[in-house]
Amino acid sequence: ALCNAREFSTATGLLQRVLRGNPDDFWLNYELCKALNGQEQAEEAIGYARAAFAIRPESTAANWMLVSTLEKANRETEAINLFRSWLSSNRHSAADYCALGNHLLDIGRRDRAKAALFKAVELEPDNRRAYVLLSSMYTSQGNVEEDLRMARKAHDLDPESPGASYRLAIALRAAGQLEDAANVYREMIARRPEDSAAHNNLGLILRDQGDLAAAEASFREAIRLRPDKRFAVGNLLSVLRRIEQRSPNPGRHAAEIRELSNRLPQVYANTVVLYRTALLRDPQNVGARMQLAYALMLDDQPEAAVGEYQTVLDANADNAAAHNGMADAWNAQRRIDDAIRHYRIAADLSPDSPAYARDLARALHWKLCGGDYSSGLPPMFVPESGLSRAETGLLDEAIASYEAGLQGVPHAPSLNPHWRGLAKAMHWKGEHQRATEIEADMDRRQLMRTRKKRKKRNRQRTQSAGPT
């Protein structure tokens, strides 16, 4: 815990005190080596790495802790010789190579990790853990195609494995296949209803699909199961704010939003520190950097989030999620033109993502109205002077984006503002018949929901009253 908080000096003192009475304890030597490496004291750490390796020469983790410590101390020749010695041995199993690959991923040596994990697959083609770790490695590199391929292999080998299921769901979401990812999480929840992370991750996908009510329910369940689930708390707050912004009668969630807002500053600050620490160990970890950028947005630091998203895009300009996140960060700074530029790129890179299309439509909508778009969808108005050629182009693009974001998506109350935004844009363009049809359909659905709620309340009153 102290090492994770980067309090390496305190951790070192604690371990050294305990080690005096237990010099042959493997884990004390191993963890002390890690703590000293954290303080850039590789030369001193080598002694503890050698001690751990001497206590357990069969331990892959101890072997590679010693290799990495020798490298940090610029003893490349010793490190290479130890590496070759390990590879030349024929006594290692696929499980050993998986352990090696996992360790190398932890310290950011992805090329060597890849070689070790493919060796595990060569020795045991049905080794699920090797494919899970390869999928994780490709996620950190932003290689969506290979990530999904490895995740599918792991899941095919053991469809009920939580680790393989998580990897597949994460890879599907990164590939823009949101409904398939949601179905994987639903299967996981059916098998393990107490899985808080699965509820939280399902909520994220439902939010991306625009079903805010269902997303709210998923986040609440995640928090019920794990009250300390920091991202679930932040995600619930985000969804409640969106619901309030789009509600015709805001205020229902105001007290809860205040309570959650008071809880979150320290939670977000801790999360930022956590991901910054992860990036110190592995600066090329795309997944950790994306999570850091998201945490910075939650911590009300959109300028810093822009920098992190830009780092991701410098490595892979085709990362649609990074473009959409960058657009959200510009949005938070009221930079509407910059936001639209990145929303467009995200929508072009992921044409099958309804959420990206709706985000672009919303931004164009506000651009036409001459305001920012941070508080939901604006009322459309018809300018007295008519539309310029540029404005006509923006209006056509907004309508097309609304339609792409709503086509084939199940009707949900949270999408009503987008449907009404589409109707208003069509009125503006002069397509009054189609706009009127959309508005009539929205009114009909609202009436049906109201009747359903009334019937439910009446049924509950009858049940609570008991027999007459």
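# A guided tour: cysteines, a covered helix, aromatic rings

Start by selecting Cys33, which is buried at a relative accessible area of 0%. Buried means under 20% relative accessible area, exposed over 50% and partly exposed in between, with a 1.4 Å probe and protein chains only. Next, select Cys98, also buried, at 2% relative accessibility.

Before moving on, some ground rules. This is a predicted model, where local features need pLDDT of at least 70 and side-chain atom pairs count only at pLDDT 80 or more, while totals for chains, interfaces and linings use all residues. Residues are numbered from 1 along each chain as its sequence is written, and side-chain values use heavy atoms, with hydrogens and water left out.

**Helix α12**

Select residues 196-208, helix α12. Helices (H or I, at least four residues) and strands (E, at least two) are DSSP runs, numbered from the N terminus. α12 has 13 residues and spans 19 Å from its first C-alpha to its last, close to the expected 18 Å. That expected span is 1.5 Å times one less than the number of residues.

Is α12 mostly covered or mostly open? Mostly covered: 12 of its 13 residues are buried. Among them are His199, Leu202, Ile205 and Arg207. Now show the neighbours. The buried residues of α12 pack against α10 (162-174), α11 (178-191), α13 (212-225), α14 (230-246), α16 (286-298) and α20 (354-369). Contact means heavy atoms within 4.5 Å.

Zoom in on the start of α12. A side-chain oxygen of Asp195 comes to within 3.2 Å of the backbone nitrogen of Ala197. Then go just past α12 to Gly210, which has a positive phi of about 90°.

**Aromatic pairs**

The whole structure holds four aromatic pairs. Phe26 and Tyr30 make a stacked one, 5.7 Å centre to centre with 25° between the planes. Rings of Phe, Tyr and Trp (its six-membered ring) pair if their centres lie within 6.5 Å; planes under 30 degrees apart count as stacked, over 60 as edge-to-face and the rest as tilted. Phe26 and Tyr30 both sit in helix α2 (residues 26-38), four residues apart, about one turn of the helix. Both are buried.

Now select Tyr166 and Tyr185. Their ring centres are 6.2 Å apart and their planes at 65°, so this pair is edge-to-face. The pair links distant parts of the chain, with Tyr166 in helix α10 and Tyr185 in helix α11, 19 residues apart. Tyr166 and Tyr185 are both buried.

Definitions and conventions: A polar contact is a pair of N or O atoms within 3.5 Å; within protein, one must be able to donate a hydrogen and the other to accept it, and residues adjacent in sequence count only if both atoms are side-chain atoms.
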